[in-house]
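Thank you for making time for this.

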Amino acid sequence: MTSELFAVNGISITKVYAGGTGDVVALDDVSISIKDNEFFVLLGPSGCGKTTLLRCIAGFEALTAGRILLFGEGIDHLPPHRRPVNTVFQHYALFPHMTVSDNIAFSLRMLRRDEREIAQTVERMLALVHMAEFAGRYPAQLSGGQQQRVALARALASHPKVLLLDEPLSALDLKLRQAMRLELKQLQEETGITFVLVTHDQDEALSMGDRIAVMSKGAIQQTGTPREIYDTPVNRFVADFIGETNFLDATIRSVNANTADCVLEGGARTGATLAGPAARMRPGDRVLLSVRPEKIAVRPRQQQPGAGHGIDGSITRSVYIGTDTLYQIALDTRTPLIARLQNSRQATDFAVGEAVSVSFDAAACRVLAD
Amino acid sequence: MPSPATPPPRAASEHARARRRLKARALLLSPALLVICGLLVLPLCIIVVYSFLTPGTYGGVVWRFSTESYVQFLFERDLFDDTLAFSPAYLQIYWRSFIQALVATTACFLIGFPTAYYIATLPERKKYMWVLLITVPYWINLLIRTIAMLFLIRNEGPLNHALLFAGLVDAPLKIAYTNIGVGIGLIYTYLPFMVLPLYAAIERFDFRLVEAASDLYARRWTILRRVILPLAMPGVVAGSLLVFIPSLGAFIAPDLLGGGKNLMIGNLIALQFQGSRNWPFGSAAAVILMTIVLCALLVYVRQQSKARLRQLR
């Protein structure tokens, strides 16, 4: 038993919307633990329940079942205005009739802080988000990126215990979005506040999150650091949603510790890693393997000494994308393999139709649980 | 080489085209302008002119310049020695009308705001039915409606019958022929003028701001006061003026429901053209009312432009 105090602790959260054509389950028995001072990302496609989960923490949605603890205290009975969490809304929701300063001061005024203290905090917040010269402007006079900063400052002003961010970057253009990622990360580190960010953008999640929870169909599929999520996906959804991957149908021949000896369709053999929920797989089981394109080594066939772990194939397509070249390689399997080779290396170029031998480490090849 | 002073011919032709288009658009206004000039501006001019003439013995005017009407508004002229003594009688009528209109406007706002809020937050399909229902009273003539109201609230009317029957009162409530009766009449007549602009303003309101405010520790009443009301202000101002201005000069409600006992501006003016046959004084009373209304409108326009400046979207 760990006695660690989590910033947010969701226990068996279920949220069901009663609909005309039947109930819609938005969250299905979701449990989540978000650490203090952590940049936590809820990642998933639209409709996966990530925003609903965020709104449950903020208090905009009542839970159908389950509990939410904030630093160990139950907050389910509290209305939004009594929860020490603030939200940065997707469309900012700045008060259009108030200046930037008044927007930022809003929460402090509601908390009846001393006016002098409010002025100081507003000034500090404006400096924090580099908006000092816009204090007297109205939201309509600001650009999208500037409104974004004001929304951040407004939500941070009362120093909430947790800051919730609902797709905060989705309304910005690409350049700005990338710059804001770094700034958000920096802001989280500077303020020491726990950030919970909702996004459907895997790049955003990987570049900002200390830990990521991948959600689908109202349930959390996997929680872990960006590296864990990318390198050791537990199931097909996570492997597919984060980055690019190759799926290979295989049958387990034998299991040795956490490595499985697998036979691919067509008879080629490869090693694969068994871990997490996939550890229960036994010899004879039909499984799905996942290999990232950049983890695949491609060699001309004649150089291959003919050892056990080389799979014969031929190049069917080659796409040059600057830093890398993507090769589509036909194997004896149903789906062709995609390999991604870096161009900076002194790698040989392969021509379409060339006979090659592909290989990958057992560590880079994951057996998926489902 | 083309001289930089002369604009390129393309720009010039575009400029001319824009002006032609503007002229063509102005033509669209001409029917309305004609009606307004013929039926509003001209009669108004006549009224202003009449207010400076001398009353004829049997109504009408005698074409002799006089400021007597305006003097009469504030002073009483002694019949024998022609001295002027200040008389607040007419000012009192204006003051009473002002209070009556203010009460009616406030009441309309208090009734109209929750109504408008309710309608504005309905699903799209239901909204339009409700807006249509708000206009139902206007399908019936105002006079008929006011008389119906009189029957309802008079001493022997169903309202008092019900109250007596329920034992809530010992004697019929005196509502008809009192200021309260007039107030009820004004509220009933002008309530939709309050509801519709309020509805339009609240309908445009972004309800995500309510969520944002509650997220930032604001309670419900604070959200109403600090976020919803300020943003609905253009609607509040428009609705208030649409109720206040016609209430100030209302004629039918005070005449029928007030029994003409407590004169209001509308009755006073009507009386000058009918019973008293003092057209210049009636005209002067109307001009004074109009001046007050124009001042109110000026405040409105300034308020509106200020609000728009704040939220230039």
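A word on conventions before that. This is a predicted model, in which local features need pLDDT of at least 70 and side-chain atom pairs count only at pLDDT 80 or more, while totals for chains, interfaces and linings use all residues. Residues are numbered from 1 along each chain as its sequence is written, chains are lettered from A and ligands numbered from 1 in the order in which they are written, and side-chain values use heavy atoms, with hydrogens and water left out.

Let me begin with chain A, whose C-alpha trace spans about 80 × 45 × 45 Å along its principal axes. Chain A has 8 helices and 20 strands, where helices (H or I, at least four residues) and strands (E, at least two) are DSSP runs numbered from the N terminus. Of its 370 residues, 50% count as buried; buried means under 20% relative accessible area, exposed means over 50%, and partly exposed lies in between, with a 1.4 Å probe and protein chains only.

One place in chain A to look at is Ala140(A), in the loop between helix H3 (115–128) and helix H4 (144–156). Ala140(A) counts as partly exposed at 32% relative accessibility, and its C-alpha atom is separated by 9.3 Å from that of Leu94(A), 46 residues apart along the chain.

Now to the salt bridges, each being a side-chain nitrogen of Lys or Arg within 4 Å of a carboxyl oxygen of Asp or Glu. Over all chains, a search of the whole structure finds 21 of them. In one of these, the side chains of Glu61(A) and Arg55(A) meet at 2.9 Å, N to O; Glu61(A) counts as buried at 15% relative accessibility, whereas Arg55(A), at 22%, is partly exposed. Both residues belong to a network of salt bridges that links Lys15(A), Arg55(A), Glu61(A) and Glu211(B).

A further bridge joins Asp210(A) to Lys185(A), with the closest N and O atoms 2.8 Å apart. Asp210(A) lies in the loop between helix H6 (202–208) and strand E9 (211–216) of chain A, and Lys185(A) lies in helix H5 (residues 174–191) of chain A, so the pair ties together parts that are 25 residues apart in sequence. Here Asp210(A) is partly exposed, with a relative accessible area of 30%, and Lys185(A) is buried, with 17%.

In chain B, Lys127(B) forms a salt bridge with Glu124(B), the closest N and O atoms being 3.4 Å apart. These two residues are 3 residues apart in helix H4 of chain B, and therefore separated by about one helical turn. Lys127(B) is buried at 6%, while Glu124(B) counts as partly exposed at 44% relative accessibility.

What about the aromatic side chains? Rings of Phe, Tyr and Trp (its six-membered ring) pair if their centres lie within 6.5 Å, and planes under 30 degrees apart count as stacked, over 60 as edge-to-face and the rest as tilted. By this rule the count comes to 23 aromatic pairs over all chains. In one of them, the rings of Tyr138(B) and Phe193(B) have their centres 5.6 Å apart and their planes at 45°, so the pair is tilted. Tyr138(B) lies in the loop between helix H4 (124–134) and helix H5 (142–153) of chain B, and Phe193(B) in helix H7 (residues 179–204) of chain B, so the pair ties together parts that are 55 residues apart in sequence.

Phe205(B) and Phe207(B), by contrast, form an edge-to-face pair, at 5.0 Å centre to centre and 85° between the planes. A nonpolar patch whose members include Leu132(B), Tyr138(B) and Phe193(B) has about 970 Å² of accessible area together, by the Shrake-Rupley method with a 1.4 Å probe. H5(B) gives the most to this patch, with 4 residues.

How values were computed:
Patches are made of residues with over 30% relative accessible area and no salt bridge: like charges are joined within 9 Å, nonpolar side chains (Val, Leu, Ile, Met, Phe, Trp, Tyr) within 5 Å.
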